[in-house]
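This report describes selected features of the structure shown below.

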Amino acid sequence: MVDILHRIGTTTATPQELYDALTTVDGLAGWWTEETTGDAGLGGKIEFRFPDGGFVMEVEELRPRERVVWRVVGGPDEWVGTTVEWDLRQDGDWTILLFAHRGWREPVEFMHHCSTKWATFLQSLKAQVEGGDAAPSPRDVKIDNWN
């Protein structure tokens with residue numbers, strides 16, 4: 001199994017602000033995809049739609065201001081059964097987010113694409129919580145034929 005790992009730091013957001021952006025439909029729609037629906041509470045399912053498809057995540061863990069975990073229950077075969085983990089902590093004036101998309105069976109080309117897209121959406125999240133201009137789908141950075 002292989003994982004996608006990223007780290008971002010925000011200067012003006014608190015762990016609670018990041019947590020809210022990860023645990024509310026409006027927060028998620030503000031930085032990842034405008035077409036976000038569902039129940040972001042523990043045990044709920046969130047649907048994320050993009051021009052070329054989408055994903056369904058089941059919320060497995062919520063620890064306010066500290067951790068969010070989703071299990072992918074719908075979407076491309078490469079994603080189903082993987083987990084998406086968000087760990088938050090305060091470090092001085094910074095709020096640190098450690099991101100992991102865990103459990104890929106193998107590092108296929110689509111995983112490389114997804115790693116790059118996760119990085120662009122994490123920058124969108126950073127912009128949102130720092131008061132800048134987020135770029136959720138369909139306004140995100142286009143990188144190749146998968147978008």
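## Basis of the description

A residue is called buried when its relative accessible area is under 20%, exposed when that area is over 50%, and partly exposed in between. The model is predicted.

## Aromatic pairs

A pair of aromatic rings is described by the distance of the centres and the angle of the planes. With centres within 6.5 Å as the criterion, the count comes to 18 aromatic pairs. One of them joins Trp32 and Trp70, whose ring centres are 6.1 Å apart. Their planes meet at 5°, and because planes under 30 degrees apart count as stacked, the pair is stacked. Trp32 lies in the loop between helix H2 (25-31) and strand S2 (35-38), while Trp70 belongs to strand S5 (residues 67-74); the pair therefore ties together parts that are 38 residues apart in sequence. Trp32 has a relative accessibility of 2% and so counts as buried. Trp70 is likewise buried, with a relative accessible area of 1%.

Trp79 and Trp104 form an aromatic pair of the edge-to-face kind, with 6.4 Å from centre to centre and 70° between the planes. Trp79 is placed in the loop between S5 and strand S6 (83-91), and Trp104 in strand S7 (residues 94-104), so this pair ties together parts that are 25 residues apart in sequence. Both Trp79 and Trp104 are buried.

## Backbone features

The peptide bond leading from Ser137 to Pro138 is cis, and its omega is near 10°. Pro138 is located in the segment after helix H3 (109-129).

Arg65 has a phi near 65°, which is a positive value in a residue other than glycine. Arg65 sits in the loop between strand S4 (53-63) and S5. The relative accessibility of Arg65 is 45%, so the residue counts as partly exposed.

Trp94 is found in strand S7. With a relative accessibility of 41%, Trp94 counts as partly exposed.

Trp94 and Thr10 are 84 residues apart along the chain, yet their C-alpha atoms are separated by 5.5 Å. When residues up to four places away in sequence are not counted, Trp94 touches Gly9, Thr10, Thr11, Arg89 and Lys126.

## Packing of helices H1 and H3

Helix H1 (residues 15-23) packs with H3 at an angle of about 125°, and the two axes are 10 Å apart. H1 and H3 are therefore oblique to each other, and their crossing is right-handed. On the H1 side the contact is made by Glu17, Leu18, Ala21 and Leu22, and on the H3 side by Leu125, Gln128 and Val129. By class, this contact of H1 with H3 has five nonpolar residues, one polar residue and one charged residue.

Ala21, a residue of helix H1, has a relative accessibility of 3% and so counts as buried. Leaving aside residues up to four places away in sequence, Ala21 touches Leu125, Gln128 and Val129, and also Gly27, Leu28 and Trp31. Ala21 and Arg7 are 14 residues apart in sequence, and the distance between them in space is 16 Å, C-alpha to C-alpha.

How values were computed: Residues numbered from 1 in each chain as written. Predicted model: local features only at pLDDT ≥ 70, side-chain atom pairs only at ≥ 80, totals over all residues. Heavy atoms only, no water. Phe/Tyr/Trp six-rings, centres within 6.5 Å; stacked < 30°, edge-to-face > 60°. Helix = DSSP H or I, 4+ residues; strand = E, 2+ residues; numbered from the N terminus. Buried < 20%, exposed > 50% of the residue type's maximum accessible area, 1.4 Å probe, protein only. Contact = heavy atoms within 4.5 Å. Axes fitted to C-alpha atoms, helices over the stretch in contact; angles between N-to-C directions. Parallel < 35°, antiparallel > 145°, perpendicular 65-115°, else oblique. Left-handed = near helix turned anticlockwise from the far one by under 90°. Nonpolar A, V, L, I, M, F, W, Y, C, P; charged D, E, K, R; others polar.
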